[in-house]
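Subject: Structure for you to look at, with notes

Dear colleague,

Here is the structure I promised to pass on, with the sequence alongside. My notes on what was found in it follow below.

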Amino acid sequence: MIQDLVLERPEQCLGVRAAGDMLRVHSLETFGAHDGPGLRMVVFVQGCQLRCLYCANPDTLAIGGGKLMQLDKLVEMAIDEKPYFGKKGGVTVSGGEPTLQAPEVKAFFERLLKEGINTALDSNGSVLTTAVKELLKETDLLLLDVKHFNDEWHHRLTGRSNRNVFKVAEHREQSGKPMWLRYVLVPGYSDQEEYLHQLGQYFEHYQTIERIEIKPYHRLGEHKWQAMGMTYALEGVETPSAAQIKKVQDIFSLYFKEVKVN
């Protein structure tokens, strides 16, 4: 069973923190095509403070799990893959939640940028500390996961408030650097029209948002919950139909210049 730890303060992140020249990593993906522009090397870090009901990788949640990897090794791997990145590709750090290791990810990104490699951060937006702000300066593209516009529903889905998510979005907007929004569509949980419109209205005047991605809910991680002796709370919830996805696309298209289904 995974450690059920909900982090309320940044100092509680220390259990997941590695040394400054290392990252606590769950897994790596090469030639990833769904976590930012172009082909990318994706580093999935270990540890997350949210408890999303639909989490496809519950094995990334435990604080202090995973394996420690030297930044030297990760940079070397990225350089080896650089010929395949082209003009748009690069490295994405995802999770788990990367901001729990903000200083280490920042050091990683600084070295990648010196090598001319694009950096992207996939974050749930739950942490906004000085260290995270410094990390965002080295982040070419922020992929910000907005789980739900309504705070009560966000609590139901993740166990935590969404207040910091909008603070992160505001900070990124003020920086003038680009971001993509990501929205997991779960029938019965995050498909309410009124809140979809409210989300669009909240963000429609943001200049840094290049697109919003709809990520249809799937049950591919359900077996992991079962294998770890955990109860999968969304058992019986079906994946959204093409019509349901199209409906959300149409709503978001009223407010965002680009809407993609990922």
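Predicted model: local features only at pLDDT ≥ 70, side-chain atom pairs only at ≥ 80, totals over all residues.

Arginine 219 counts as partly exposed, at 28% relative accessibility, where partly exposed covers the range between buried (under 20% relative accessible area) and exposed (over 50%), computed with a 1.4 Å probe on protein chains only. Arginine 219 sits in the loop between strand E8 (209-216) and helix H7 (222-227); helices (H or I, at least four residues) and strands (E, at least two) are DSSP runs numbered from the N terminus. Leaving aside residues up to four places away in sequence, arginine 219 touches Tyr232, Glu235, Gly236, Val237 and Glu238, contact meaning heavy atoms within 4.5 Å.

Residues are numbered from 1 along each chain as its sequence is written, and side-chain values use heavy atoms, with hydrogens and water left out.

Next, the salt bridges. With a salt bridge taken as a side-chain nitrogen of Lys or Arg within 4 Å of a carboxyl oxygen of Asp or Glu, the count comes to 14. One of them joins the side chains of lysine 137 and glutamate 134, at 3.0 Å from N to O; because these residues are 3 apart in helix H3 (residues 130-137), they are separated by about one helical turn. Lysine 137 is exposed at 52% relative accessibility, whereas glutamate 134 is partly exposed at 30%. Another salt bridge joins glutamate 152 and arginine 156, at 2.9 Å from N to O, and both of these residues lie in helix H4, 4 residues apart, or about one turn of the helix. Arginine 156 is partly exposed, with a relative accessible area of 42%.

The salt bridge between glutamate 258 and arginine 211 has an N to O distance of 3.2 Å. Glutamate 258 lies in the loop between H8 and strand E9 (259-261) and arginine 211 in strand E8, so this pair ties together parts that are 47 residues apart in sequence. Glutamate 258 is partly exposed at 27% relative accessible area, while arginine 211 counts as buried at 17%. Both residues also belong to a network of salt bridges that links Asp35, Asp122, Arg182, Arg211, Glu213, Glu258 and Lys260.

Beyond residues up to four places away in sequence, glutamate 81 touches Thr30, Phe31 and Met41.

Two backbone features deserve a look. Most residues other than glycine have a negative phi, and most peptide bonds are trans. Phenylalanine 31, in strand E1 (residues 22-32), has a positive phi of about 60° although it is not a glycine, and it counts as partly exposed at 42% relative accessibility. The peptide bond from glycine 95 to glycine 96 is cis, with omega near 5°, and glycine 96 is placed in the loop between strand E4 (90-94) and helix H2 (102-114).

Turning to the interior, a nonpolar core here is a set of buried Ala, Val, Leu, Ile, Met, Phe, Trp, Tyr and Cys residues joined through side-chain atoms within 4.5 Å. The largest such core has 54 residues, of which Phe108, Phe252 and Phe256 touch the most other members. A second, separate core of 16 residues includes Cys55, Leu61, Leu157 and Met230. Leucine 157, in helix H4 (residues 151-158), is buried with a relative accessible area of 0%. The contacts of leucine 157, not counting residues up to four places away in sequence, include Arg51, Cys52, Tyr189 and Ser190. From leucine 157 to leucine 50 the C-alpha distance is 9.1 Å, although the two are 107 residues apart in sequence.

With best wishes
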